[in-house]
Amino acid sequence: MIKKNVICSFCGCLCDDLSITIEDGKITGVDNGCALANAKFLGKERLLKPVIREGDSIKETEYNTAIEKAADILKDAERPLFFGWSGTQGEAQAKGVHLCMLLGGVIDNTSSLCHGPSILAIQEVGHPGCTLGQVKNRADLIIYWGCNPLEGHPRHMSRYTTYADGFFLKNAFRERKLIVVDVRKTMSSDVADEFIQIEPGGDYAVLSALRAIVRGEEKIIPESVSGVSKSQLKRVADMCKEARFGALFFGLGLTMSKNKYKNIRNAVELTDELSRHTKFTISAMRGHWNVYGANEVFTWMTGYPYAIDFARGIPFYNPGETTAAEILYRKECDALMVVSSDPAAHMPKKCVEHMADIPVIQIDPHKNCTSFFTDVQIPVAITGIEASGTAYRMDGVPLRTKKIIDADFLTDTEVISRIYERILEAKADV
Amino acid sequence: MKFEMITGRTIRQGEFVEHKHSAEYSEETSSCHINPVDMMFLGIMQGDTILLKSVCDEVVMTAFEDSNLKRGSVFVPYGPYCNRIIPNETHGTGMPDFKSSVVAITPTERKVASVYDLFKDIGGREL
Ligand code: SF4
């Protein structure tokens, strides 16, 4: 059997045109997907049963026992941290916020380690963005700044930009110009019409120089800015001004490098400047398939997109203080629940150390580096394959992922709901 | 020699991100891409092991020749190896310096640790 128009729940592109071949209830083929999609849909390794650590050994158990153990850990915690959420369905994210609220804990999603700085900038200067459909159909100039889509989001170019013909661009590859800005040459820079190679940490200065040139102040720009020649900057500024519709996409090269959110603020202000000459938009290349959803769900429930502390009984948001990396580094939390993420692999060692000293609950179908610290790991159905669920694409469009095969696993939403109910019961008994 | 370490996603890292206990993931995330001229000055060849030291710790990786990098920068696919030496400082933003930490690199005879060994000494236990 072949299932068509399946959504890929791997990266923020959420490509919705995959064809999946299913034989005897198992996935045997993936068409239209990239290498990352193939790895996801054809992946065989996964945790089959919940596990609980007892001393140095780890033992398989049933869902009820694992859920009971997780609830016991959480109900005794004074400052639990709930982290992850970018690889799970929106419904589970909402349940997670309720659970954190009930316990007065801190809830953070992986944006604090990816596009958190972009959100900080957007809170300062706004977000002149648009949907990917607009880009595909209208944009005749694409800029990728601090990202390498051919490796990080392999079909972004073929679905939405360089290789995607649109309503007003019948031959996109010839009609669209492509500019790539990065500190190193990449597969993406190889196909660019213009590649700007910046010295590491030089993005802010180059963005400022481009803004000055677009404003007509090129006389104040020196011959070279962070390794980029003035003549190239002038050429690029002209390309931007001459475009009918320009779309700037930026990645972690801007958020994670020196100046962090100030880089994004400057990029938004360049977009603003360019919009006085033509139509220009800017968007973040969101990584995990539902990290945008985590920001949306957290915001409509608490008012804040990530790093929310309920210790005061009301939501309190102060990235740099209430973000997971700080809470762990300061050894502040006394229990950690990780949902569909791997902070042990993706945070600096100094933050990970505390995980060895506190109970860790993990809700994840796969063993990962956080599993080395876990006290109870509960495997769940993989959303988009074994369960349906809502996800937000990187441009903020919500899509409903499908269940395409049956599996005997609970969903993230069911597991978190059951933990929540168990804690409510325990609280009522006191 | 001192370098600016940049980390980032690669296709191979992404393919094995849900199989972190695999040899392929360990191999990919412990490879340090270096400009060939810098490799010459370090006196190392492709595949040699190198020691990367930062202000907070050190880790052994495998050198990988990459002329796409400018001299003075190295690139490491994102994962537990680079995080061993990335400082936790976030400058009040919640985001560590994943793309701008300074590391000193020297040749070494030591072997690359397994993913588990990276966590064993900070209290990680085998699953
Ligand atoms: S680009 Fe992203 S969403 Fe699209 S198929 Fe590849 S991994 Fe899946």
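This report looks at two residues and at the surroundings of the ligand in a predicted model.

Arg79(A) belongs to chain A, where it is found in the loop that runs between helix H2 (63-75) and strand S6 (80-84). With a relative accessible area of 17%, Arg79(A) counts as buried, because buried means under 20% relative accessible area. The side chain of Arg79(A) is joined to the side chain of Asp309(A) by a polar contact of 2.9 Å. Once its neighbours within four places in sequence are left aside, Arg79(A) is in contact with several residues, among them Val106(A), Ile327(A), Glu332(A) and Asp334(A), as well as Asp309(A) itself.

Val55(B) is found in a loop of chain B, between strand S3 (49-53) and strand S4 (58-65). This residue is exposed, because its relative accessibility is 77% and exposed means over 50%. Along the chain, Val55(B) and Pro96(B) are 41 residues apart, and their C-alpha atoms are separated by 14 Å.

The table sets the two residues side by side.

| Residue | Relative accessibility | Class |
|---|---|---|
| Arg79(A) | 17% | buried |
| Val55(B) | 77% | exposed |

As for the ligand, the space that it takes is the second largest cavity. The residues that surround the ligand include Cys8(A), Cys11(A), Cys13(A), Cys15(A) and Cys34(A), together with Phe10(A), Leu14(A), Pro154(A) and Arg155(A). Which kinds of residue make up the shell around the ligand: nonpolar, polar or charged? The shell holds 10 nonpolar residues, no polar ones and one charged residue.

Technical notes
Residues numbered from 1 in each chain as written. Chains lettered and ligands numbered in written order. Predicted model: local features only at pLDDT ≥ 70, side-chain atom pairs only at ≥ 80, totals over all residues. Heavy atoms only, no water. Helix = DSSP H or I, 4+ residues; strand = E, 2+ residues; numbered from the N terminus. Buried < 20%, exposed > 50% of the residue type's maximum accessible area, 1.4 Å probe, protein only. Polar contact = N/O pair within 3.5 Å; in protein donor to acceptor, adjacent residues only side chain to side chain. Contact = heavy atoms within 4.5 Å. Near = heavy atom within 4 Å. 1 Å grid on protein atoms, 1.4 Å probe; cavity = no way out; pocket = protein on both sides within 12 Å on 5 of 7 lines; lining within 4 Å. Sits in = over half its atoms within 2 Å of the grid points. Nonpolar A, V, L, I, M, F, W, Y, C, P; charged D, E, K, R; others polar.
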